[in-house]
Amino acid sequence: MTAKQPLLSVQNLHVKVEDKEILKGVDLNIYAGEVHAIMGRNGSGKSTLSYTLIGHPRYVVTEGKILFKGVDIVEMTPDQRARNGMALAFQYPVAIPGVSVSNFLRASVKAIRGKDVPVKEFRQELKAQMKKLGVADEFLGRYINDGFSGGEKKRIEILQLALLKPALAVLDETDSGLDIDALKIVSEGINNLSNPETAILLITHYQRILNYVEPQFVHVFQDGRIVKSGGGELSKELEARGYDWVLQELTSSAVS
Amino acid sequence: MSAELIQDQTIGNIGNDYSQYGFQDKEDYIFKSGRGLTKEIVTKISEMKNEPEWMLKYRLRALDIFLKKPMPRWGNCNLLDSIDFENIFYFVRSSEKSAKNWDDVPEGIKQTFDRLGIPEAERKFLAGVTAQYESEVVYHSIREDLLAQGVIFLDMDSGLREHEDIIRKHFGTVIPAADNKFSALNSAVWSGGSFVWVPEGVKIEIPLQAYFRINAENMGQFERTLIIAEPGSFVHYIEGCTAPTYSTDSLHSAVVELIALPGSHIRYTTIQNWSKNVYNLVTKRAVAHADSKVEWVDGNLGSKLTMKYPSIHLVGPRAHGEVLSIAFAGEDQHQDAGAKMVHAAPDTTSLIISKSISKNGGRTSYRGLVKVYPNATGSKSSVKCDALLMDEKSRSDTYPTMEIDEKDVTIEHEATVSKVGEEQLFYLMSRGLTQDEATAMIINGFFEPFTKELPLEYAVELNRLIQLEMSGSVG
Amino acid sequence: MSESKLINTFARERVDNLASQNGEPSWLKELRVSSWEAYLQTPMPTGRDEGWRKTEIDSLDLSTLNAIDLSTKNDLKAKLPDWFETALTFFDNHSGVVAEVGHSSISAKLSADLVSQGVIFCSIKQALHDHAELIRPYLSKIGSDQKFVLMNKALFNSGTFLYVPANVEIEGPFVSLTHFTSLNGAPNGVAIFPRLIAVLGKHSKASLVNVLSSEQGKESKSSSRSLANALVEVHVEAGAKFEYLELQKFDDNVFAITRTHNQVEQDAVIKSLTVAIGGSQLKGDIVTVLNAHGASSDLQGIVLGDTDEHYSFNTIQKHNAPNTTSNINFRVALKGNAQSIYQGIIEVAKVAQKTAAFQSNKNLLLGAEARADSIPKLEILADDVKCSHGATVGPVDREQIFYLMSRGLAAPEAEELIVTGFFRQILEACTIGRAKEWVYDVLAEKIHQV
């Protein structure tokens, strides 16, 4: 297993946003078949990591590498990264009035798969996924994220990932704002993304979703770095003891 | 007016009588120019002030321009055309010399100022007072610490005598005489106004203030103000105006030039409350260099016709401009006010917020321009105009213009016109407020983005004026 | 001879000729002559006039133009432009098509049912011939002091007449095409003066698609401009409902000056969509007068500019009566170094209490040299009103582009999708047949053009 190359390898990643350094040396390896969770307080830099991975122009890499399938993707545009097999489920996906969900999904699927999917086949596939995620048909005619509730946006994000079948799915706070029923459905959607060829990176503030999507690896994010890593049990410990516990532990270990 | 004066009067004892603010003194003037405008009068003005030759030449050239330029064909043409330039006194000197301290100010003038509350205001927080009474400054003081910091705060006439080099370098560079008919007129006959120079890095914490009054019948008031903020400095300048009411019309045509050098910040606050026969035709413009910030905070309540569009030319990268204005037009009043933002450098930003109320047949117009030149990439501008109409006789116009010659910009304009919300009125009245009280409260709320930017005493004064205007107006 | 130059003397002759060559009644000749005289007395607008801001009206030399007659012969077999044939497939339920293609005229064959109900849909020439007394009052009902309107009223010699009698409701749209060749093989440009009059009787209901278009002749090397001066007058009488779609698609030789005047009476409703996608200079005025209690209008506008096209649209919403409602949604996207000047005014008269008027103008700048001016104005003289307007100018939202790119779309693809979406929102309002799909295709084609 270790002989394999990681699907994603983040090495000493430093990122600036408008002259302010947010990520201060992140190291993270994710192999195919793994589910990772990054947990941390608001403002710790978790979302910056997700935006940087998919290549938002506002997030400038000042140092370090992002190797995806062995290739440094730092210079790649977002669409190149997406075609390469990376997808981000946004925490706050933007609305695009006038562009219908169905038009958009077809254009996107065509771009990612590199070929046009016959309309009939595409519709079947789409309907099946929509049913799984409890997305009503009328969404296809609506404009992207325009007037969607928080929960609806999250489902449509997962729906997109289900269609695009990325090698690496990054989920940014996908659990926030979901009631328990929606959480279960969305979690199932996330679990369906997982197979031995793909990996999932869950970014979350709460432990809640980890009851449904079980990560093998949990990382604690603080001040732009991963300060502690562990197995799935770490999330439960965090839930019970709070983030301060990690910080205290860090400080005391520094002293001793 | 000071807060004290305002606080011991209630709405009840002022009632609708607006003349409280329009008392009138007996005229007692040392020199009064003849009516009408001639080369001789301009020369005479310059001679009396012992001005350098270049200023006389400047004035005479401006007079030429004024006489040649046609009247603007926009705004309120009827009212503009009714101005009788032949029937205006272009210069009045009410006392021979600027008084050095309060005791030397002539008694009659002092009484007028007392009633306006200037000394109280000064005692409280004035950094310096340049109170312009008629065309000449009669009272002037400046705090010692400002002097020590090297700040210059003088009336323009003294400024020209004492700092000719600075004034010659900047005078008329922001607003040339030929800019428009009224800037030409001002350039020919200007008298008084303020000259402020803030040295590099000096931040003046307390606002500088000046009061202006028009007192002689048919007298034009043509003050000229120039403020230069050297790099990294800050100054807040406040002018407040009240004027007595007369039966024939008066003309107020000021020119205000602001120069904000890199990294500096100028805020210029005006509360204009001219009596309702004054034509208030003012040209105000600022040049904002790199990383500087200029704010015009502009309240227009009085006058018969105001045409005033404070503008900011954003000439250096990242310069920021704001115009925050309110206008109130009552019976026979037209407030034609607005703002201009010229984006001529990258990453410049601007904000215009305009609020107006028309009542009793009054008319308010917002007239604005946002211009973005090519290569002013990353510029952002946002304009928001809200108008309230108090009755079916009144009128509100909005005339914004956006000229965008650069792609990479974000420009937004929004405007609404409505009447005072019945639901809001009902809600407040259901809590026991009378309709007048509820209306005044809603209107104070409507103007709140403006008043919150004013020093406390001005905010109190403004709310008071609004209450006066509103009382008895509804129901 | 059916051509004449537009310099004063010739044109006066033309006014006379039109009257005699078409066998027009004397009252019509008098109308033409009085319009011509008013035209002569009206000063030529200049680029300094507010409504003609930044247009190249000063460079339009009328004396070089030859007025031509469209539709001089009836020819049911005349060849329609291919794209128009395509367009018609979107209106397969149409109630009638009138097309003027160069000199040929194709007249609508109305169903017996429509004819029996008294519906008229034909070329204006035919209407003047067959229904002179019916059309007569509508020729002078809407006055004007506009130079080019007066010019059209003196010289109009093509266009369409729609008359829907009271209480008649018609489902399928009427379709009208005015198409000409901007260079007639001559060194000089040509001038056409189409006039469309639509009358919706009380409580009637109908829809109309009007296409104004041109293509260059074979000898397209000449630099001289042609003029299309079109007048559209719509009378929506009490309780009637009218939906109107206009497409302006001229070639890059054409200076088009169009004026649409909608007169809306009590409780009547007009919905309209104006789409401008080509021409050298397009100057369009859309005036909507809400004349009586309860009248309402909902107007959409689309400008899609490219190369050095210039668009100057002015919308005027006049509220002359209480309880009237108007809405304008005008969207502009500019590629290349195209330029747009949008001016919109909401005028609320003193009597027009309880008016609700809204206006929105959004401009997307796509080309690095594209320029947009927006001048939304309000003149409100009544107090119990709800009026607002908003305007924005800027490039495509970068966050939207990023979102689509993160789903695999390349940047240009993402931009195209967003721009078509920008217009689709406007198109949603159009309910004429499958019109919105047609317009969407037409727009998508131009957006995609490199």
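This is a short talk on a predicted model of a complex, taken from its confidence scores to its chains and contacts.

Confidence comes first. The predictor gives the complex an ipTM of 0.83 and a pTM of 0.84. Chain C has an average pLDDT of 91. In that chain, 95% of the residues score at least 70. A word of caution belongs here. Where pLDDT is low, the coordinates should not be read in detail.

Now chain A. Let's begin with a sheet. Four strands of chain A make an open sheet. Their order is E2-E1-E4-E5, and the pairing is antiparallel. Which strands stand at the edges? They are strand E2, residues 20-30, and strand E5, residues 71-72. Each has a single partner strand, so one side of each is left without a neighbour in the sheet.

Strand E4 of chain A covers residues 59-68. E4(A) and E5(A) pair in the antiparallel sense over two bridges. To find the place on screen, look for A:Leu67. A:Leu67 stands opposite A:Asp72 in E5(A).

A:Asn12 sits in strand E1 of chain A, residues 8-17. Its phi is near 45 degrees. That is a positive value in a residue other than glycine. Is A:Asn12 buried or exposed? A:Asn12 has 12 other C-beta atoms within 10 Å, so it is exposed. The cut-off for exposed is 12 or fewer.

Next, a helix. Helix H4 of chain A runs over residues 119-133, which is 15 residues. How far does H4 reach from its first C-alpha to its last? The span is 21 Å. That is close to the 21 Å expected at 1.5 Å a residue. After H4(A) comes A:Gly134. The phi of A:Gly134 is positive, near 65 degrees.

Chain A also touches chain C. The contact takes 21 residues from chain A and 18 residues from chain C. H3(A) gives the most, with five residues. What kinds of residue are on this side of chain A? There are 14 nonpolar, five polar and two charged.

On to chain B. Chain B has 14 helices and 23 strands. There are 475 residues in the chain, and buried residues make up 53% of them. Now take the contacts in chain B with a separation of 6 or more. Residues 24 or more positions apart account for 83% of those contacts.

One loop residue in chain B deserves a stop. B:Asn375 lies between strand E20 (363-372) and strand E21 (379-389) of chain B. Its phi is near 75 degrees, again a positive value in a residue other than glycine. B:Asn375 has 13 other C-beta atoms within 10 Å, so it counts as partly exposed.

Now chain B against chain C. This contact takes 29 residues from chain B and 31 residues from chain C. Strand E22 (395-404) and strand E23 (409-419) of chain B each supply at least two residues of the chain B side. Which element gives the most? E23(B) does, with eleven residues. By class, the side of chain B that touches chain C has ten nonpolar, eight polar and eleven charged residues.

Strands pair between these two chains. E22(B) and strand E22 of chain C, residues 371-380, pair in the antiparallel sense.

Last stop, inside chain C. The domain assignment gives domain 1 (4-292) and domain 2 (397-450). The centres of these domains, taken over C-alpha atoms, are 30 Å apart. How many residues of each domain are in contact with the other? There are 13 residues of domain 1 and 13 residues of domain 2. On the domain 1 side, strand E11 (205-215), strand E13 (241-249) and strand E15 (269-276) of chain C each supply at least two residues. The largest share, three residues, comes from E15(C). By class, this domain 1 side divides into nine nonpolar, two polar and two charged residues.

Notes: Residues are numbered from 1 along each chain as its sequence is written. Chains are lettered from A and ligands numbered from 1 in the order in which they are written. This is a predicted model: local features need pLDDT of at least 70, side-chain atom pairs count only at pLDDT 80 or more; totals for chains, interfaces and linings use all residues. The expected span of a helix is 1.5 Å times one less than its number of residues. Two residues are in contact if their C-beta atoms, placed from the backbone, lie within 7 Å. Ala, Val, Leu, Ile, Met, Phe, Trp, Tyr, Cys and Pro count as nonpolar, Asp, Glu, Lys and Arg as charged, and the others, Gly among them, as polar. Two strands pair if DSSP finds at least two bridges between them. Domain bounds come from an automatic or database domain assignment. A residue is buried if 20 or more other C-beta atoms lie within 10 Å of its own, exposed if 12 or fewer, and partly exposed in between; C-beta atoms are placed from the backbone. pLDDT is the predictor's confidence in each residue, from 0 to 100.
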